[in-house]
Amino acid sequence: MKKTNSKDFDQTFDEGKDVTKHLKKKTTVKVNQKVKRVNIDFPVWVIETLDLEASRLGVTRQALVKFWVAERLDKQGIS
């Protein structure tokens, strides 16, 4: 695999392409690892829209939802 510099990485990300292949997963640090599973019911159109956006960004639906919720909590000063 070709080594990617930060400019190429940023451009790939900005284009909505999958950047996970460029990440060093073994050195990734996870904070607040304790998890609790929750179930949320969404209308079908919301799921379909989430799936389209997740696909565009190259992430899973779950990752997208978790990121958006965390981002919103952070914006509200709650996290």
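**Exercise 1. Find which element supplies the largest share of the lining of the largest pocket.**

Solution. The answer is α3, with eleven residues. Helices here are DSSP runs of H or I, at least four residues long, numbered from the N terminus. A pocket is an open set of points on a 1 Å grid over the protein atoms alone, where a 1.4 Å probe fits, with protein on both sides within 12 Å along at least five of seven lines; lining residues have an atom within 4 Å of a point. The pocket's volume is about 1400 Å³, taken as the space filled by probe spheres set on the points.

The model is predicted: local features need pLDDT of at least 70, side-chain atom pairs count only at pLDDT 80 or more, and totals for chains, interfaces and linings use all residues. Residues are numbered from 1 along each chain as its sequence is written, and side-chain values use heavy atoms, without hydrogens and water.

**Exercise 2. Check the span of α3.**

Solution. Start with its 15 residues. The expected span is 1.5 Å times one less than the number of residues. That gives 21 Å, and the end C-alpha atoms are 21 Å apart, so the two agree. After α3 comes G77, with a positive phi near 75°.

**Exercise 3. Describe the protein chain as a whole.**

Solution. Count the elements: three helices and zero strands. Their order from the N terminus is α-α-α. Then take burial, meaning under 20% relative accessible area with a 1.4 Å probe, protein chains only. Of the 79 residues, 9% are buried.

Terms used: Helices (H or I, at least four residues) and strands (E, at least two) are DSSP runs, numbered from the N terminus. Buried means under 20% relative accessible area, exposed over 50%, partly exposed in between (1.4 Å probe, protein chains only).
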